[in-house]
Amino acid sequence: MNQEALFDDDDLYHDDDDLDEDDDVLDTGWSLEEVEEAIQNSAETGVLDLSFAQIEEIPDEVYSLEQLTILKLTSNRITSVSPRIGNLKNLRVLDLWSNDDLFIPPQVGELTGLQKFSAGSNCHLPPSIGHLKELRHLAIGDNHFGQIPNWLFDLEHLQTLQLWANNLHVLPDKWDRLPNLIQLNLARNNLTAIPPSFGALKRLRSLSLERNFLTDLPDTMAGLPLRHVRLGFNRFDQVPEVVTSWQRLKILDFFSQAGYGAYLIREDDSDDAPVEWEETPSRSVRAIRTPSEQDVRLESLASLPAALKNLPGLEVLLLHGHPLLQLPEEILGQFPEGGWDGSAKRILDYYFRTAESGKPLNEAKLILLGWGGVGKTSLVNRLVHNHFESGELRTEGIQVTTWDVTLPDQQKARLNVWDFGGQEIMHATHQFFLTSRSLYVLALSGRSGSADADAEYWLRLMESFAPGSPVIVAMNQISKDPFELDEVGLRQRFPAIRAFVRSDCAVGDEGLGIDRLRARIVQETSELPDLRVKFPTAWFEIKNQLSTMRENYLSFESFRQLCRKFGEVDQAEQEKLAEYLHLLGIALNYRDDPRLRDTHVLNPHWVTEGIYAILNSRLASEKRGEIEAADLTEILDPNQYPAERHAFLLELMRKFELCFPYHDHPDRFLVAELLPKQQPVDVERHVKEAGALHFQYRYPVLPEGLVPRFIVRSHVLSTDQPKWRSGCVLSWEGNKALIKAEPTDRVIHIAVDGPTAGRRRLLAVIRSDFEHIHRSFLFKVEAYVPVVIARRQLTVQYEKLVAAERNGMTMLQEYMDGEFFDINVAELLNGVDLRARKRESLRKGPVEATSRGARVFISYSHKDERHKDSLESHLKVLRRSGLIDVWSDRRIGAGDGWRDAIDSNLQEADLVILLISADFLASDYCSDREMREALRRRTAGECKVVPVIVRDCNWLHEPALKELQALPTDGKAVMNWENPDTAWRDVSEGIEAAVS
């Protein structure tokens, strides 16, 4: 990509949204020796970079380095620059960014060859900067100087200008004096108007005006060659007409949604280059951050002009935070890892279709949560039917009830009420049905005496799996078991709480507090942001047809036929509708997974009742979670669940990480949630905890099902090892690990024993699996490293150790029982990390580009899935080291077409691993499509290809494979090794050599 016109070498690009998550590296100080070494080296290179060194003044010898061409001093504690800066006549780049209240002397104006200059964070800027006639790039944001200094308009050769956060209220009408501007950033000011002379910026490609108070743009800007424009958080009630004249526009950003919505875009100079979304922040990146309270403007676009459809290159259209447009999130697009998943064309097509013939959906999802026995089902019956029955049977699984309500504005709406069973065995599956943009009722009672703890548990789960969704707390059975809650404290910790309502279904003819609860539910329903989103007329017909269908499931092709029948012929729109119906709970679909692609659109009752029937079955319980596919004929109603659909349910449970198949018996599964609760009496004999390597995770709330999920993810390492509901033993490369939960303390303990060389590798694999699960939680999980000193057992926070190392501390003091103990930082970290952290890598700036791991694609026959799982377990060590990022079809995301996802990831791979077996070679898709394409890309020099022989087969008879170096060593099949761990270790080392 050519960025020369915008940034040259990216040395001096500072955005108003520099990424705060890396701010912790700014405390990394340099030693005096390191500073002196950098100064000495600059004599040869002409480049001196003391960024993040945390120096308080510029060393005197720097002012004598007349050969310097680049001087970088960003993010230090410098308060003044000496007048001797004028000696450095050869400087081309001077970066003084992020040195608070820095005084810059007039002599900086003597650097007449300077092309790039930056100084932010309330710097004192001399007018002599106006003498720097060769300046091309100037960044002086975050200085709050109130008005643009006159000298700036003397810099006629400027190409990029950063003026964000300078408390500007009015702009002078002098922009015709800066005719060479290509990029201009005026975000985070107080502007109410843009002057007409902006029309003279005939080279302007990127313009940032977000977070001001603008209501319109001048007509003089018509026809500018703009490609990327940011206008969010202003006071536009319509898209300025001049926008539709920007025929080269690729990115139009009106993002104005409070809350997190990060996206990263690489700027580009050419018209035909596609928008590129960055995975790692760099200086040529844009990132929207969560705005603070004062950033939020009173704005909502009320309509879109049809002329937007005439912009030929428009790829990205960000309209989040404009409820009057009535666009659902599925159409607006979201920001998963790797970029925005929306489409400007899809947004405009949907908007104008619904503007002509759409009507509000007025349908939402109401979810009741709480422990068993708190009266959730009674609440539903009272709310919906005004009916109460004493001794009501407990809910098994999930009960879905339709409730038609009248909103305060007299519109009709429908609530799909999901009543979740409260038994512990159910909680692991709750997360897969808890969706954002729903309304929640948390039912609590005083029967157990732990209402505050129960509230904390459930509210944290909701906060993690459905962030931002409104919650009503029903203090139920209040007459029978009166209780109080710390309502003020809970509201402070959980701002999603909308109300506390005291209720009791058994009191009187109407129930106590039921009317108030019903009224509050209706009010909160009315305020749900997506309730009134418009649906195209065809979508209503399809939704109604699905809601009343007798069939429990149908193929996605049948769903497409239904869509075509009612007039929705666009395949992309069909898929968006399927996704939307899935989130509403009207019709579930799992078309994102190739193993589930034959059964896509389902009656929610059918899938939930099937899974819960398995989880609650006496047979599965008696067999301690070990079930065979044939057992499902006894567990499930054959009329509802014919034998040909059993494999689908089991595969869905695997997707939810509820079960896994045994390698030696693929038709036998272990449902980890049904393992016995009792820890085996002799489990300690497997791992001698004394002298073992230890690690801990501590949780604010320990979710039910966490350890069973871990057992499923790590099952290839627990074959023939003890497993129970809250723990397991793993075996790997001669090492053993004991993992067990302490629910009362909300702690996971990990102990790894065996040969010292392999302990950290096994711990790395364990941490990789836990951290994968942790990514689904929004609450913070803290890691600790236990250590024994002077016969005392201490636990040191892992983050503290990392921070200490980053700051150059070799020892750390910990306090316990009235004494201080010295901790050797490097020794403790090296014990639990695969490699010591390199301080050099930590000196990188917060927006400096970082290298990514090699993308690895695994191609395999699904009959070799157990081998793929074993390979991935051994590759986790390389993943944690940052060497690789592994992709297989198990990572296909929701909404991705499975073939498209496979093909695109194969095209992006740096290394393709082929798991060779007779089934692989016999598979048309594996051998004729994936392998042929991988070999084609290898021949073109685009990737490497490594065959891994997993089972004996005549792979050498395949001409295309003969010339490749196969793994394990000598191409000996993994199955033929005496110890498979040794074979996989050999494979992982070969792959490490290939990518490193």
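## Cysteines

At a relative accessibility of 4%, Cys 505 counts as buried, a word used here for under 20% relative accessible area, with exposed meaning over 50% and partly exposed in between (1.4 Å probe, protein chains only). Cys 728 is likewise buried, at 0%. Across the whole structure the search finds 0 disulfides, a disulfide being a pair of cysteine sulfur atoms within 2.5 Å.

## About the model

This is a predicted model, in which local features need pLDDT of at least 70 and side-chain atom pairs count only at pLDDT 80 or more, while totals for chains, interfaces and linings use all residues. Residues are numbered from 1 along each chain as its sequence is written, and side-chain values use heavy atoms, with hydrogens and water left out.

## A pair of helices

Helix α19 (residues 798–806) and helix α20 (residues 825–832) have axes that come within 10 Å and cross at roughly 125 degrees. Because of this angle α19 is oblique to α20; angles under 35 degrees count as roughly parallel, over 145 as roughly antiparallel, 65 to 115 as roughly perpendicular and the rest as oblique. Axes are lines fitted to C-alpha atoms, for helices over the stretch in contact, with angles running from 0 to 180 degrees between N-to-C directions, and the helices (H or I, at least four residues) and strands (E, at least two) are DSSP runs numbered from the N terminus.

On the α19 side the contact (heavy atoms within 4.5 Å) is made by Tyr 798, Leu 801, Val 802, Ala 804 and Glu 805, and on the α20 side by Val 825, Leu 828, Leu 829 and Val 832. These residues divide into 8 nonpolar, no polar and 1 charged, where Ala, Val, Leu, Ile, Met, Phe, Trp, Tyr, Cys and Pro count as nonpolar, Asp, Glu, Lys and Arg as charged, and the others, Gly among them, as polar.

## Trp 403 and its surroundings

Trp 403 lies in strand β17 (residues 398–406) and is buried, at 6% relative accessibility. Leaving aside residues up to four places away in sequence, Trp 403 touches several residues, including Leu 366, Leu 383, Ala 413, Arg 518 and Ile 521. The C-alpha atoms of Trp 403 and Ala 413, which stand 10 residues apart along the chain, are separated by 8.5 Å.

## Backbone details in loops

Ala 165, in the loop between β6 (160–162) and β7 (183–185), has a positive phi near 55 degrees although it is not glycine, and is buried at 8%. Arg 746, in the loop between β31 (735–742) and β32 (747–753), also has phi near 55 degrees, but is partly exposed at 37%.
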